[in-house]
Amino acid sequence: MSRLNMVHMSDLHFSGTYNSLQPDDALELAGIALAEDFGESPLVLSISGDITTKGDLNGYHEALGSIKKHLFAKLNIEKIALCPGNHDIVNGDKYFRDFNKFAYALTHDYLQNWNQNSPVCKIEYNKYAFLLVNSAYLGDYRFGAVPITALETALRSSRDKYSIIIIHHSPISSAYGGEGLTESYELLATAARENAIALLHGHVHSDQVLLLGSKPTLVSGAASLAFSPDPNMNNQFCAYIFDEGHLEKAYTYTYTANRNKFIPKEMTL
């Protein structure tokens, strides 16, 4: 199949401090909105890190139950693609043992396993390859890094596929922040040079979208699902529809408090 329906969430921040929207409630409302728009169509779900908050182990347990209850039960999710974030560093563990346990419990995929020695994981779905980058692999809560050589190797081995890079830290700073990722230039240059069709990230708790290079490569950030500076501000997630590697449609789903639902709006590209 050449068609890909993809949902991108980030920064779930279970076990955190919230405003009006709790992560479990947000996932319930997200599942309802996606079921209305996609029905029983096959979906790939990507979550680009910060499952928990400040390494709180309870966050993984809560997130696992909530995702299964509100997304698996309502949607036809055929593949899940994850990567860790800086909040997924538990007690300075550079081997991400607790995140890896969560990832396997959710995906049942032994390939999605990260540590300092394997900071890039590759999984495939039909004609698409997902390059899952652990930008927190150095174990530093403050700064992220990109293992460029490992990413280049994974991209070059995927030239017969349409490649999508998923990473936690944003390669683009903005008024909302986003500094803290080394090798940002090298990441963007590599994505464009190797003709990745998309580079998806989180971390900055705001939506970002940019087309890069001649192909072009979609660089898109999902805001936090529930953990935001102000109520009804950045509670968002994204959905993309690709066909033969071409981006047909892209949507941002934004939580609207007075309607208590996520409402989609087509991205301006």
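Predicted model: local features only at pLDDT ≥ 70, side-chain atom pairs only at ≥ 80, totals over all residues.
**Entry 1**

I began with helix α4, residues 148-156, and helix α5, residues 184-193. Their axes lie 11 Å apart, and the helices pack at an angle of about 10 degrees. Angles under 35 degrees count as roughly parallel, and α4 and α5 are therefore roughly parallel to each other.

I next asked which residues of α4 meet α5. On the α4 side I noted I148, L151, E152 and L155. On the α5 side I noted E186, L187, T190 and R193.

**Entry 1: the buried side of α5**

I then looked up which residues of α5 are buried. They are S184, L187, L188, T190 and A191. These residues cover an arc of only 165 degrees around the axis, so they sit on the same side of α5. L187 and T190 are among the buried residues, and L187 and T190 are also among those that meet α4.

What covers this buried set? The cover includes α4 and also the strands β6 (162-167), β7 (198-201), β8 (208-212) and β9 (217-221).

I turned to the strands and recorded an open sheet of six, in the order β4-β5-β6-β7-β9-β8. The pairing in this sheet is mixed. In general, strands of a sheet pair through backbone hydrogen bonds, either parallel or antiparallel.

Which strands form the edges? They are β4 (120-125) and β8, each of which pairs on one side only. On average, neighbouring strands of the sheet are turned by 15 degrees against each other, direction ignored.

**Entry 2: β6 and its partners**

My last entry concerns β6. I found that β5, residues 128-133, is joined to β6 by six bridges, and that the two strands run parallel. Within this pair, V133 stands opposite I167 in β6.

With β7, strand β6 also pairs in the parallel sense, here over three bridges. I165 stands opposite L199 in β7.

Finally, I asked how many residues of β6 are buried. The count is five of its six residues, and β6 is thus recorded as mostly covered. I also noted again that β6 is included in what covers the buried residues of α5.

Definitions and conventions:
Residues numbered from 1 in each chain as written. Heavy atoms only, no water. Axes fitted to C-alpha atoms, helices over the stretch in contact; angles between N-to-C directions. Helix = DSSP H or I, 4+ residues; strand = E, 2+ residues; numbered from the N terminus. Parallel < 35°, antiparallel > 145°, perpendicular 65-115°, else oblique. Contact = heavy atoms within 4.5 Å. Buried < 20%, exposed > 50% of the residue type's maximum accessible area, 1.4 Å probe, protein only. Arc of directions from axis to C-beta. Pairing = 2+ DSSP bridges.
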